[in-house]
Amino acid sequence: MTAVESRPGGTSQALKALGEGVPGTSPVHRPFGARVKAFVALTKPRIIELLLITTVPVMFLAEQGVPDLLLVLHTCFAGYLSAGGANALNMYIDRDIDALMDRTSQRPLVTGMVSPREGLVFGLALGVVSTLWFGLFVNWLSAWLALGALLFYVIVYTMILKRRTAQNIVWGGIAGCMPVLIGWSSVTDSMSWAAVILFLVIFFWTPPHYWPLSMKVKDDYARVGVPMLPVIASNKVVARQIVLYSWVMVLVSLLLQPLGYTGWFYTAVALATGGWWLWEAHALQHRARTGATGPKLKEMRLFHWSITYVSLLFVAVAVDPFVS
């Protein structure tokens with residue numbers, strides 16, 4: 001996930017790029033190096049890092065050891081292309097509201113470094129190549145799961161849910177859970193309850209991970225009419241939902257050990273990291289209840305910890321077969 005960057009004047013610059021055009025963004029004045037960086041930016045590589053963190057460790061768990069290195073490389077490469085294609089198509093669809101939000105006003109389709117047609121073709125091409133790559137070099141179950149994740153993110157989340165309901169990130173987050181299933185299926189060409197449990201961990205992790213960020217930039221979302229929960233509800237209500245989802249997430253994360261999929265090491269890490277998460281979630285709720293706003297709310301503390309949490313938890317998933 002990317003950190004929030006406030007860019008004064010970003011909205012006006014973006015509108016200029018869409019409407020009048022800005023110097024250096026016409027086809028004649030777009031440097032090759034900048035164009036390459038722009039296409040890479042369309043894939044949102046920092047978000048994909050997080051997706052890969054949830055894929056590779058599951059492959060270790062499925063293998064109960066070190067999976068085939070070539071298989072890992074094929075899975076990661078195809079996964080990057082699939083998620084990158086979904087992100088590019090997301091930016092193509094959302095380019096109108098991206099131009100009005102400070103946080104997204106410098107995205108390539110807004111600045112004109114990449115044209116809408118190029119962004120659409122790029123996203124579709126990545127989706128096709130990733131599906132074929134999965135099918136030919138991993139297995140077809142993983143290919144269909146990846147394609148399903150892409151279609152769910154683009155159609156269900158971006159086109160249907162995002163601008164219509166505050167439940168957008170809850171159900172739209174299903175797409176971000178799919179790499180867990182893909183990691184397992186890439187090794188076993190099947191599914192298991194272990195994969196389903198880790199899928200649910202990410203499902204319940206996504207809202208309390210994203211809502212603190214939404215609290216920080218809710219004015220951006222309000223400006224473009226996207227009903228993220230912090231836009232339509234008070235900080236107290238949002239914080240209460242964060243605590244609720246956090247408790248369910250931590251409890252679900254502890255199911256792997258009693259079902260026999262992991263040992264003491266994973267359980268210890270899940271307890272320690274989950275306990276710290278709950279401390280931060282309840283602390284945010286306390287600040288919201290006392291009326292804290294602005295910098296005093298410190299909502300980004302939980303956002304940043306959420307990334308550390310999921311990274312440590314899934315590293316524990318990969319390490320556990322060797323030490324438990």
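Buried means under 20% relative accessible area, exposed over 50%, and partly exposed in between (1.4 Å probe, protein chains only). The structure described here is a predicted model, in which local features need pLDDT of at least 70, side-chain atom pairs count only at pLDDT 80 or more, and totals for chains, interfaces and linings use all residues. Residues are numbered from 1 along each chain as its sequence is written, and side-chain values use heavy atoms, with hydrogens and water left out.

The protein contains 16 helices and zero strands, where helices (H or I, at least four residues) and strands (E, at least two) are DSSP runs numbered from the N terminus. Its radius of gyration is 20 Å, close to the 20 Å that the globule rule gives for 324 residues, so the protein is as compact as a globular protein of that length. Here the radius is taken over C-alpha atoms, and the rule is 2.2 Å times the number of residues to the power 0.38. The C-alpha trace spans about 60 × 55 × 30 Å along its principal axes, and 54% of the 324 residues count as buried. With contact meaning heavy atoms within 4.5 Å, 77% of the contacts between residues at least 6 apart in sequence join residues at least 24 apart.

Turning to aromatic side chains, a search of the whole structure finds 13 pairs. Rings of Phe, Tyr and Trp (its six-membered ring) pair if their centres lie within 6.5 Å; planes under 30 degrees apart count as stacked, over 60 as edge-to-face and the rest as tilted. Tyr 153 and Tyr 157 are stacked, at 5.5 Å centre to centre with 20° between the planes. These two residues are four apart in helix H8, and therefore separated by about one helical turn. Tyr 157 is buried, with a relative accessible area of 6%. The pair of Trp 277 and Tyr 309 is edge-to-face, because the ring centres are 5.1 Å apart and the planes stand at 65°. Trp 277 lies in helix H15 (residues 264-289) and Tyr 309 in helix H16, so this pair ties together parts that are 32 residues apart in sequence. Both Trp 277 and Tyr 309 are buried. Helix H16 (residues 300-323) also holds Ser 306, which is buried at 0% relative accessibility. Leaving aside neighbours within four places in sequence, Ser 306 is in contact with Trp 205, His 209 and Trp 277.

Charged side chains come next. A salt bridge is a side-chain nitrogen of Lys or Arg within 4 Å of a carboxyl oxygen of Asp or Glu, and the count by this rule is seven. In one of them, Arg 35 meets Glu 118 with the closest N and O atoms 2.9 Å apart. This bridge links distant parts of the chain, with Arg 35 in helix H2 (residues 32-42) and Glu 118 in helix H7, 83 residues apart. Arg 35 is buried at 17% relative accessibility, whereas Glu 118 is partly exposed at 23%. Another bridge joins Asp 94 to Lys 162, with a closest N to O distance of 2.6 Å. Asp 94 is buried at 0%, and Lys 162 is buried at 9%. Asp 94, Asp 96, Lys 162 and Arg 163 are linked in a network of salt bridges.
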